[in-house]
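Subject: Structure handover

Hello,

Here is the structure you will be taking over. Please look through it first; my notes on what was found follow below.

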Amino acid sequence: MFSSLIVQIDKLVDESSSAISFVNELGLPLHDVIQLGGHTQARTHRLQGQPIGAALMKTLAGAASARENIQLVTGAGVSRLCHVDCSKEEGGGKRVTGVVYTETEAAGEGEGGGREVELPAGAVVLCTGGAACDVEVDGLMQQYTPDLVGRATSRSYIHICIPHCTGCRQLWR
């Protein structure tokens, strides 16, 4: 376990500069560098004193949407992954072939909210986010990081919690 942590630390140290450059090239200037709690020096890149999360996601979503081979679906609740059985093939298991999701009214812009959609795909990336918003008694925060429940986060800083962003798909086993 310790050796994998060292690999992760090395990756963060060696590649974070190129990640900042990548985001800057997408049009999100992360030139504000501040010192956060636990740091001995200023090293956290921010967007001119604002929380970075929403601005970063908007920038990355825009870059992904600009690619013709990517269909970006936001504000949807994933119901299940579609798959085919590959147990007879080398490596076995199942291969994901798409996703079934339910549109929210926000995603359907007032029309079609609650409609279930099956989207076939060669690759599926689930970005569940929002686990810090799952503050229920038996929620993700209480279950995995009880010492952080009630602490200030970017979620509490901006005083909103988007109803469908509770990290719930992280609970799939």
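**What was found**

Read from the N terminus, the elements of the protein chain follow the order α-β-β-α-β-β-β-α-α. That comes to four helices and five strands, where helices (H or I, at least four residues) and strands (E, at least two) are DSSP runs, numbered from the N terminus.

Two notes on the source. This is a predicted model, in which local features need pLDDT of at least 70 and side-chain atom pairs count only at pLDDT 80 or more, while totals for chains, interfaces and linings use all residues. Residues are numbered from 1 along each chain as its sequence is written, and side-chain values use heavy atoms, with hydrogens and water left out.

**The chain as a whole**

The protein chain has 173 residues, of which 16% are buried (buried means under 20% relative accessible area, exposed over 50%, partly exposed in between, with a 1.4 Å probe and protein chains only). Its accessible surface is about 12800 Å², and carbon and sulfur atoms account for 55% of that. Accessible areas come from the Shrake-Rupley method with a 1.4 Å probe; for residues, only the protein chains shown count as cover. Of the contacts between residues at least 6 apart in sequence, 38% join residues at least 24 apart; contact means heavy atoms within 4.5 Å.

**The sheet**

Three strands form an open sheet in the order β3-β4-β5, with antiparallel pairing. At its edges are β3 (76–85) and β5 (116–120), each of which pairs on one side only. Two strands pair if DSSP finds at least two bridges between them. Strand β4 (residues 94–103) is joined to β5 by five bridges. Across this pairing, Gly98 stands opposite Pro120 and Tyr101 stands opposite Val117.

In a regular strand the side chains alternate between the two faces of the sheet.

**Salt bridges**

The whole structure holds two salt bridges, a salt bridge being a side-chain nitrogen of Lys or Arg within 4 Å of a carboxyl oxygen of Asp or Glu.

- Glu103 pairs with Arg115, with the closest N and O atoms 3.0 Å apart. Glu103 lies in strand β4 and Arg115 in the loop between β4 and β5, so this pair ties together parts twelve residues apart in sequence. Glu103 is buried at 14% relative accessibility, while Arg115 is partly exposed at 46%.
- Glu15 pairs with Lys11 (3.0 Å, N to O). These two are four residues apart in helix α1, which means about one helical turn lies between them. Glu15 is partly exposed at 40% relative accessible area, and Lys11 is partly exposed at 49%.

Leu5, Ile6, Ile9 and Val13 make up a nonpolar surface patch with about 330 Å² of accessible area together. Patches are made of residues with over 30% relative accessible area and no salt bridge, like charges being joined within 9 Å and nonpolar side chains (Val, Leu, Ile, Met, Phe, Trp, Tyr) within 5 Å. Ile6 belongs to helix α1 (residues 2–25) and is partly exposed, at 34% relative accessibility.

Leu30 sits in the loop between α1 and β1 (32–34) and is buried, at 6% relative accessible area. Beyond its neighbours within four places in sequence, Leu30 touches several residues, including Ile20, Val23, Arg46 and Ile52.

Regards
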